[in-house]
Amino acid sequence: MIKVIKRGPSAQAKATNQAQVRATVEGILAEIEARGDAAVREFSQKFNQWSPADFRLSQAQIDACIASLPRQTLDDIRFAQAQIRRFAQIQRSSLHDVEVETLPGVVLGHRNIPVASVGCYIPGGKYPLIASAHMSVLTAKVAGVQRVIACAPPFEGRPCPEIVAAMHLAGADEIYCLGGVQAVAAMAIGTESMQGVDMIVGPGNAYVAEAKRQLFGRVGIDLFAGPTETMVICDDTVDAELVAVDLLGQAEHGPTSPAYCVTTSATIAEALPAAIEKVLARLDTAPVASASWRDYGEIHLCDSDEEALEVAQRLCSEHVQVMTKDPDWYLQRMTNYGALFLGHRTNVSYGDKVIGTNHTLPTMGAGRYTGGLWVGKFIKTHTYQRVLTDEASVMVGEYCSRLCGYEHMSGHKEQADIRVRRFKPATAEA
């Protein structure tokens, strides 16, 4: 039997401010579409107290940011990017163009074509999320995107040197110190000083996520994202302190970040609340993480792995850390999640920062129908067809003509019929 020891808020409670966010974003987008750079500057000053002569960083400014960083910092960024680039290249190599003769004289194929231009949003207001530059800019470049622009808000009143360095080393073609909805809107819509792009990617707060939702269709996006979610599935092979650390490590993202413990261990379920308090005492981010756990934390005590799997599938968390006797049991059976972290030697932080997989992942149950950001998200698969012989065109055309007739689409039917008339040998007609 599944016993819920601690439950988070209802769906209704989670959505209380959604209408206000939607209305605010609608107003900002309308202003930027109508007034371009002037509106962007006004919103940047209002929300970030930032209004430089030019939001785009010059090469001299980029060089100065990089020069201000210790060698160790740059080496660490390069190491992380090497891991992410390596895995992205392996993923890219799994995508192949195809061409096949499906019938005599009929050739079908597809080509994998990178999106032409992408705008990458890198959060940096509360935390300077250096890793988001790797995950978006670098992955787009490995996919073959020709123009990649990157925006991040100012951090402590200036461009964040670490983020700028990461953007540059990842291969960004244009770098802007610009944040929030105004950055996403400028990239998507375009202004007098910024050419718009075809696709927007990257995480952000509720307002950034809503801006992407409203702009979807006008541009492509990676996915709809909500607050960071994490789940730990565990048994008695680990202890409550380790579980607490791994839950709070993601709860610090924000006060509305769900954190789920799904366990078959009554010992862990009983000990976890005290372990949470003990770990919070050593975290600088305790005010945020404690609010997240208090309001959005859940503990589910299950009698078996089968019950734990049922809960995990239903909750469909963004991050799922499996610390059980046999993590591969879950790997073979789970289908609803953003990313899996298998065994006690790994954790979500490794995936977020350095190990090589992408940290932009589906939230709010979207793992039921989509995966996270990867090179394939930046690639469009376009089909083509070629008919090599008159005989093949006549054969396909006769089928097509009849099928169009069933649908009463005479224009479509005539496209087939004219080719049958022209290419069918006279002797065959006789």
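Predicted model: local features only at pLDDT ≥ 70, side-chain atom pairs only at ≥ 80, totals over all residues.
Residues are numbered from 1 along each chain as its sequence is written, and side-chain values use heavy atoms, with hydrogens and water left out.

View 1. Five strands, in the order β6-β5-β4-β7-β8, form an open sheet with parallel pairing; strands (E, at least two residues) and helices (H or I, at least four) are DSSP runs numbered from the N terminus, and two strands pair if DSSP finds at least two bridges between them. β6 (174-177) and β8 (220-221) are at the edges with a single partner strand each, so one side of each has no neighbour in the sheet. Strand β5 (residues 147-152) runs parallel to β6 and is joined to β6 by four bridges, with alanine 150 opposite isoleucine 175 of β6. Strand β7 (residues 199-201) pairs with β8 in the parallel sense over two bridges, and isoleucine 200 stands opposite isoleucine 221 in β8. In a regular strand, side chains alternate between the two faces of the sheet. In β6 both faces are covered: Glu174 and Tyr176 on one side, and Ile175 and Cys177 on the other, are all buried (buried means under 20% relative accessible area, exposed over 50%, and partly exposed in between, with a 1.4 Å probe and protein chains only).

View 2. Phenylalanine 216 is partly exposed at 48% relative accessibility, as is phenylalanine 224 at 32%, whereas tryptophan 329 and tyrosine 330 are buried. The charged end of arginine 402 sits over the ring of tyrosine 399, 5.0 Å from its centre (NZ of Lys or CZ of Arg within 6 Å of the ring centre and within 35 degrees of the ring normal).

**View 3. The surroundings of glutamine 182.** Glutamine 182 lies in helix α8 (residues 180-189) and counts as buried at 1% relative accessibility. A polar atom of its side chain lies 2.9 Å from the backbone oxygen of glycine 179. Not counting residues up to four places away in sequence, glutamine 182 touches Ile32, Val40, Phe43, Ser44, Phe47 and Asn48, where contact means heavy atoms within 4.5 Å.

**View 4. Helix α16 and its cover.** Helix α16 (residues 390-406) has 17 residues and reaches 24 Å from its first C-alpha to its last, close to the 24 Å expected at 1.5 Å a residue; the expected span is 1.5 Å times one less than the number of residues. Its buried residues are Ala392, Ser393, Val394, Gly397, Ser401 and Cys404. Their cover includes β3 (106-114), β14 (379-387) and α17 (410-423).

Note on methods:
Polar contact = N/O pair within 3.5 Å; in protein donor to acceptor, adjacent residues only side chain to side chain.
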